[in-house]
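This report covers a few local features of one structure. Please have the sequence and the coordinates open.

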Amino acid sequence: MGRKVTVAACSLNQWALDFEGNSERILRSKWNRLLQKPIMHHNTRYNCRVLFLNRKILLIRPKMIMANSGNYRELRWFSPWNQLRQVEEYFLPRMIQEITGQDSVPFGFCVLSTKDTCIGSEICAELWNPSSPHIQMGLDGVEIFTNSSASHHELRKADQRINLIKSATTKSGGIYLYANQRGCDGDRVYYDGCSMVAINGDIVAQGAQFSLNDLEVTTATLDLEDVRSYRGELYQSHMVREHPLIKVDFSLSSGDDVYLPTQQPIKWHFHTPEEEISLGPACWLWDYLRRSGQAGFLLPLSGGVDSSSTACIVHSMCVLLCQAVEDGNSSVLEDVRRVVGDDSYLPQQPKELCGRIFTTCYMGSENSSEDTCSRARDLARQIGSTHMNINIDMAVKGILGIFSVVTGRWPQFRVNGGSLRENLALQNVQARVRMVLAYLFAQLSLWARGKPGGLLVLGSSNVDESLTGYFTKYDCSSADINPIGGISKTDLKSFLLYCIEKFQLTALRHILAAPPTAELEPLTDGQVSQTDEADMGMTYSELSVIGRLRKISKCGPFSMFCKLIHMWKDALSPTEVAQKVKHFFRMYSVNRHKMTTVTPSYHADSYSPDDNRYDIRPFLYNTRWTWQFRCIDKQVASYH
């Protein structure tokens, strides 16, 4: 019959400005019909797809709908193409003319008509738009849709992407080829692959979501007659052709394909959020490490949930690396050998590899308990990191001694009669000393062991602490990168429970059972008297709810109060809700300046307060919120 076509979608781990590496990965994938690149046309820069066949450019298709919210600022660099269903002539640069033998090519929004089918293109964010181009293209007879995308990972987001593609082909039929970038391209997001092929509302081929492979090609053989039969019951009348056609003297199908099998629908495998935390940040960390030229990571390990989560992600990375080497991934093995500085090294076990590339240190003080020290030591032993115990008291006393010599005063903790200012300053000195020591040991600990290279410092502040500013500016939250900075405390606790079962890290049971504490104030009878949730005035689960209302629902103090009195009506009175809302916005506004210097973090949640690119807001607020709080007070009074 000659109606079956074999199609492919591809995921490539591309790196911004790595022209040679990017080109080499494209050639290895044999993905040589579609490219995406910036192009100047009439002195305007467009983000374009270049479609070509047999060394000839068929079409330059400019992007029409820009990604310009959240993590993206595409309008800063490109203009949208607003000439719908219009084609112009684009004159090629001389260097391209010499390769293709063409003087000019079509430029605009049109479709390709081959001898056996019709092909149209969407670009990335156009799929997510209410007026996606595939709708009109499908009604106009396009049977195969292609989409080259750079869609980043977010927890619990994969099903949105799948549903959009299934919906696109359920409504109007057709074949959808979705190619998505993979890896860390040098920024805070991780592109998670998931290339796929769909037909008539069913997924028939799925690429991996998280992988250390630099390239992956997902293929499927499908029957165009299935598209036509499906559409025969949907389309009630002949649609007037609206899209300009470019005729291509080529057939995707062959003459004799009766015995060529076609792909059948598959059930998509979704990772749990705990698996996503284990895999996404681990792949991101590996990309960062191997491309940074450093020899490993250093982590201040406090024995709490946050730093333990970072340690477990590094351990998960080592598990992925050992598995990739065992599966014969020569590229990963080459990178591992370069990182450890041994051309003959062959990793055998994740624990052994962890000892080579991961250093942890417990930075104790006179305010630290033996419990946190032993918890950090036990976890380090189980994951295999090179672990150190460092006492910071000498450094803290030295700094306070300098202050005392200059001022003649020696500050005291609150429990010893000091003021709130003294108490906070003494906590901050300890926290900042830890940051200084972390960088010192990151630079010189391998030197002290007679090994080459330096270490990247990992941070461990979670998204809720960033939201409230519950951390010291320039303390151990100040690092090179932070794999958990976009993840909530609630999700991190679930992740550690997963790690207990997945990696048999039983030391995590004691870590999860302990109350979270900064251990910056004196102990009471040898026991911790300071806890995070008491300091913050709310629980971490309450913070997650508040964070989503602030960012996703765009709530200010009053609108947040109005929502929470219903959401929390079974647990809190309107007065108690008002107190928590006011307390949050005071903390948020007082500490917002800390987000301007926050460590680059893995973007994982939609309520991240990252000030660099995702949550662009002022860092100087009126912390009294006079009008907003007065509105809340009036509503509270009306309930009595």
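## A buried leucine

Buried means under 20% relative accessible area, exposed over 50%, and partly exposed in between, with a 1.4 Å probe and protein chains only. By that cut-off L400 is buried, because its relative accessible area is 9%. L400 lies in helix 11 (residues 393–407). Helices are DSSP runs of H or I with at least four residues, strands are E runs of at least two, and both are numbered from the N terminus.

Contact means heavy atoms within 4.5 Å. Leaving aside neighbours within four places in sequence, L400 is in contact with W410, P411, L426 and V429. L400 and L426 are 26 residues apart in sequence, and their C-alpha atoms are 8.6 Å apart in space.

## Basis of the model

This is a predicted model: local features need pLDDT of at least 70, side-chain atom pairs count only at pLDDT 80 or more, and totals for chains, interfaces and linings use all residues. Residues are numbered from 1 along each chain as its sequence is written, and side-chain values use heavy atoms, with hydrogens and water left out.

## Strand 13 and its partners

In strand 13 (residues 196–199), M196 and A198 point one way, V197 and I199 the other way, and all are buried. Two strands pair if DSSP finds at least two bridges between them. Strand 10 (residues 175–180) pairs with strand 13 in the antiparallel sense over 4 bridges. Here Y176 stands opposite A198.

Strand 14 (residues 202–206) also runs antiparallel to strand 13, joined by 4 bridges. V197 stands opposite A205 in this pairing. Strands 13 and 14 form a hairpin with 2 residues between them. In the turn, N200 has a positive phi of about 50°.

An open sheet of 4 strands has the order 19-18-17-20, with parallel pairing. Strand 19 (386–391) and strand 20 (456–457) stand at the edges with a single partner strand each, so one side of each lacks a neighbour in the sheet. Strand 17 (residues 297–300) pairs with strand 20 over 2 bridges. L298 stands opposite V457 in strand 20.

## Helix 17 against helix 19

Helix 17 (residues 540–551) packs on helix 19 (residues 574–591) at about 70°, with axes 12 Å apart. Axes are lines fitted to C-alpha atoms, for helices over the stretch in contact, and angles run from 0 to 180 degrees between N-to-C directions. The pair is therefore roughly perpendicular (65 to 115 degrees).

E542, L543, I546 and R550 in helix 17 meet K580, F584 and Y588 in helix 19.

Note on methods. Angles under 35 degrees count as roughly parallel, over 145 as roughly antiparallel, 65 to 115 as roughly perpendicular and the rest as oblique.
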